[in-house]
Amino acid sequence: MEKRLNFKILIDSPDFENPKPELEQYTTPVDIAIDIIKKVNSRGLLSGKIADLGCGTGRLAIGAAILGAEVTGFEIDQTSLDIAINYSKKNNLKINWICSAVENITEEFDTVIMNPPFGSQRPGADRIFLEKALQISDQIWTIHMAETRSFIEKLVDERGGKIEMGYEFDFPITRSMPFHNKDVENQKAILYHIASLR
């Protein structure tokens, strides 16, 4: 029987308690996380080994694990990872959590799902995540700002990948950092499905 997404576990999944601006810690909104997991699952890409790079408090990893995926979440910030670990234990979700910089990942995975830093605070951070994903997986689902479309297309092409699909949507950024001056600001974003042709 096909597993169904337990919306309550995902809806209740934790946000960052004290988000760090230098790490661009923005939690993926629940409705967006649900939509991503459904899209990946509908294409049969939650089977095999799944990685969430820069998993933060684990929302995408948790969504994948609810559907029975074998998931590893990588996060450089131990405080955020502890939040993810505690929540997954509380809900009996088997997820492998690893505190590591994305540059240090060598293990290969069938699918990567991620909401990486957009590169607005740390220029080039998005490049690091996307390059690593293309190195370690054949199937990548990743969120980037719409304004970086040409950069993403060029990078994917140069690194031997192919953009299968792009879904444009509004990504709401809520007031969580000292420099935010609006309660909510919608940014145009794109969810890319990328195939690595390595």
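Okay, quick definition before anything else: when I talk about a helix axis, I mean a line fitted to the C-alpha atoms over the stretch in contact, and angles between axes are taken between N-to-C directions, from 0 to 180 degrees. And keep in mind that this is a predicted model.

Helix α2 covers residues 30-42 and helix α3 covers residues 59-66; their axes come within 10 Å and cross at roughly 45°. That angle makes α2 oblique to α3. As for the handedness, the crossing of these two is right-handed.

Which residues of α2 and α3 meet there? On the α2 side you've got Val 30, Ala 33, Ile 36 and Ile 37, and on the α3 side Arg 59, Leu 60, Gly 63 and Ala 64. Sort the residues of that contact by type and you get 6 nonpolar, 1 polar and 1 charged.

Okay, over to the strands. Strand β1, residues 49-53, pairs with β2 in the parallel sense, over 5 bridges.

Let's zoom out to the whole chain. There are 6 helices and 7 strands, and from the N terminus the order goes α-α-β-α-β-α-β-β-α-β-α-β-β. Of the 198 residues in the chain, 54% are buried.

Note on methods
Residues numbered from 1 in each chain as written. Predicted model: local features only at pLDDT ≥ 70, side-chain atom pairs only at ≥ 80, totals over all residues. Heavy atoms only, no water. Helix = DSSP H or I, 4+ residues; strand = E, 2+ residues; numbered from the N terminus. Parallel < 35°, antiparallel > 145°, perpendicular 65-115°, else oblique. Left-handed = near helix turned anticlockwise from the far one by under 90°. Contact = heavy atoms within 4.5 Å. Nonpolar A, V, L, I, M, F, W, Y, C, P; charged D, E, K, R; others polar. Pairing = 2+ DSSP bridges. Buried < 20%, exposed > 50% of the residue type's maximum accessible area, 1.4 Å probe, protein only.
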